[in-house]
Amino acid sequence: MIFTCFLPSLADNAQVLLNFKNLLTNADALNNWGNQSIGLCSWTGILCFNQTFHGLRLENMGLRGNISVDTLLELSRLNSFSVINNSFEGPMPAFKKLVSLRALFLSNNKFSGEILDDAFEGMTRLKRVFLAENEFTGHIPASLAKLPKLLDVDLHGNSFGGNIPEFQQRDFRVFDLSNNKLEGQIPESLSNKDPKSFAGNEGLCGEPLSPCMASPPSVPSPNSSKGKKLKNDVILTAGVVVGVILLASILAFLIIRYRRKKHVTVEDALPHSVNSVSTSEAKSIVVTQESMTSEDGGLNFVGREKGGFELQDLLRASAEVLGSGSFGSTYKALLLNGPVVVVKRFKHMNNVGKKEFYEHMKRLGRLSHPNLLPLVAFYYGKEEKLLVHDFAENGSLASHLHGKGGCVLDWASRLKIIKGVARGLAYLYEEFPDEALPHGHLKSSNVVLDHSLEPRLAEYGLVRVVEKKHAQQFMVGYKSPEVSQFERASEKSDVWCLGILILEVLTGRFPASYLRHGKGASEDLAAWVESIVREGWIDGEIRGKGNGEGEMVKLLRIGMGCCEWSLERRWGWREAVAKIEELKETDAGDHGTEGDHFYSSSLSLDDFVSISK
Ligand SMILES: Nc1ncnc2c1ncn2[C@@H]1O[C@H](COP(=O)(O)OP(=O)(O)OP(=O)(O)O)[C@@H](O)[C@H]1O
């Protein structure tokens, strides 16, 4: 199977990356770099979005050697750079040349020495700076404090000294200066931070730590009466201070223990108002806690255990907006030292109570099929719900069929995808015999593809928890003729969507009705189907590329059978799935002429439908 994913800019970047790798030592983990057959986006540690390179995530690889910033400068796009947990040493490389960088992760290495005051100057897009657990010394660079977009700063576990500079930003998501050698008064602008952010710096004082003590003007002799009184006062004050600190530590310890036990507390737990940003912008999932209530719980893992992360980790993770659908935004989150997951925010799910919602999610979590995107975890908030899924490396089927920069899918890949979709759907039908619409929202952007282009169905089984009005307006299962005309969903409504998907895959054309909601959408679809037959239904990318055209005709017939207007005549899911399973990559030899006839002739829809039966 051929994946034609090698785009010009990727090819340029490929050589630059190989040059970059050549200066690293102990780079065995990057052995597949240079392998053109898998494509750059599948090389270890390469971050791509929609098949466009956007970053390096070279974590936990034992890497050493020279990080050549000048080489990185040649990459067409570098938003995020991470070498967390490797063995790099020496001074911090001159990253400031990478002015488009948004996230820099250098934690857990052996970088050392002072960082120049202007080391971050001009990095106006930089939002995330993780330098923790290295051997940096000297002052916190002034240019870091002046970064206009800084959201996360983690410098813990170094030997930074001197005073904390005044940070231009005030609202941090991650702020950790603990375990350094910082001293002096904490700037007032940071007084609202968690005391833990400053712990382990003996010389620091002021809010949120204990007040700074003014030094006494003169020290009387300890034996004078004044001196004795002062001594007693000092002992008394010290006793009180030690007592207060001890009490505060015990309290803090108890709180942390309590939080750990619950995984996350109510306060920690609420990822709600995720700021809207442009699709390409990498950002973290911003939490504002305004909609927190005591009814909200934490992150609930379902099904199998997933790599031990908690909501806090999710909130700290760098996140990228994948898109904004009819329910809310979807983010790809890169967990530090952990998996890559997709977080989808759902509004419009308030028609079910918490108990019912939990039960339904647990039911979804128990599903397991190679063509189903597993639900990893969910979060129940009063206003919003979050669903966490695995990330599918090759994005959505829609992005390949219609997006810029997707793979050119050959016939074999398309057939594999349709077969996978059919199998996933059949599984859902078997698992949810009581649901009218076991999937409910089957469309090409809800079919995601893994590294080998194996399809996985997403956004399935949600009809029960989505508000009816919203479902009717936006979920594609509701756009079948019977629902849009008679408001009567049937299990064949999912079959209708399968048919549309088949036609979309065969033609490479976007179904018009997705752009339109409500009544009339099905008429649009009928016109779309008719135009397909009239104007040539086969995607130029798969037409005439060898054998298999007879099989394409068969698939077209299946698509038409699934898109029968009348419910009686429309195929049932079993029939559709069985017929799809029979399809082969290449023609057995008896269909070639039939295929030629189909896509070379101009047929009316009626002609076509009668022929295809
Ligand atoms: N697990 C995933 N892995 C990779 N990409 C994903 C994943 N889940 C969703 N996406 C992609 O993220 C993008 C945004 O998804 P989202 O569900 O928000 O919008 P949509 O599918 O276009 O619309 P709708 O909300 O109606 O389903 C889509 O292109 C989708 O294919």
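How many bridges join β18 to strand β19 (residues 329-334), and in which sense do the two run? Here are my notes, starting there.

1. Before the answer, some ground rules. This is a predicted model, where local features need pLDDT of at least 70 and side-chain atom pairs count only at pLDDT 80 or more, while totals for chains, interfaces and linings use all residues. Numbering starts from 1 along each chain as its sequence is written.

2. Now the answer: β18 and β19 are joined by 6 bridges and run antiparallel.

3. Is β18 enclosed or open? Largely enclosed by the rest of the structure, because 5 of its 7 residues are buried. (Buried is 20 or more other C-beta atoms within 10 Å of a residue's own, exposed is 12 or fewer, and partly exposed is in between, with C-beta atoms placed from the backbone.)

4. Next, look at the ligand. It is surrounded by 23 residues, the closest being Leu322, Gly323, Gly325, Thr330 and Ser396. (A residue counts as near if its C-beta atom, placed from the backbone, lies within 6 Å.) β18 (318-324) and β20 (340-346) each supply at least two residues of this shell, and β18 gives the most, with 3 residues. By class, the shell has 9 nonpolar, 12 polar and 2 charged residues. (Nonpolar covers Ala, Val, Leu, Ile, Met, Phe, Trp, Tyr, Cys and Pro; charged covers Asp, Glu, Lys and Arg; the others, Gly among them, are polar.)

5. From β20, move on to β22 (residues 385-390). These two strands run antiparallel and are joined by 6 bridges, with lysine 344 partnered by leucine 387 of β22. On its other listed pairing, β22 meets β21 (residues 375-380) in the antiparallel sense over 5 bridges. There, alanine 377 stands opposite valine 388. β21 and β22 form a hairpin with 4 residues between them. β22 is mostly covered, with 5 of its 6 residues buried.

6. β14 (residues 181-185) pairs with β15 over 3 bridges, and glutamate 183 has glycine 203 as its bridge partner.

7. Finally, a helix pair. α8 (residues 411-431) and α11 (residues 491-507) pack at about 170°, their axes 11 Å apart. (Axes are lines fitted to C-alpha atoms, for helices over the stretch in contact, and angles run from 0 to 180 degrees between N-to-C directions.) The two are therefore roughly antiparallel. (That label needs over 145 degrees; under 35 is roughly parallel, 65 to 115 roughly perpendicular, and the rest oblique.) The contact of α8 with α11 has 9 nonpolar, no polar and 3 charged residues.

Definitions and conventions
Two strands pair if DSSP finds at least two bridges between them.
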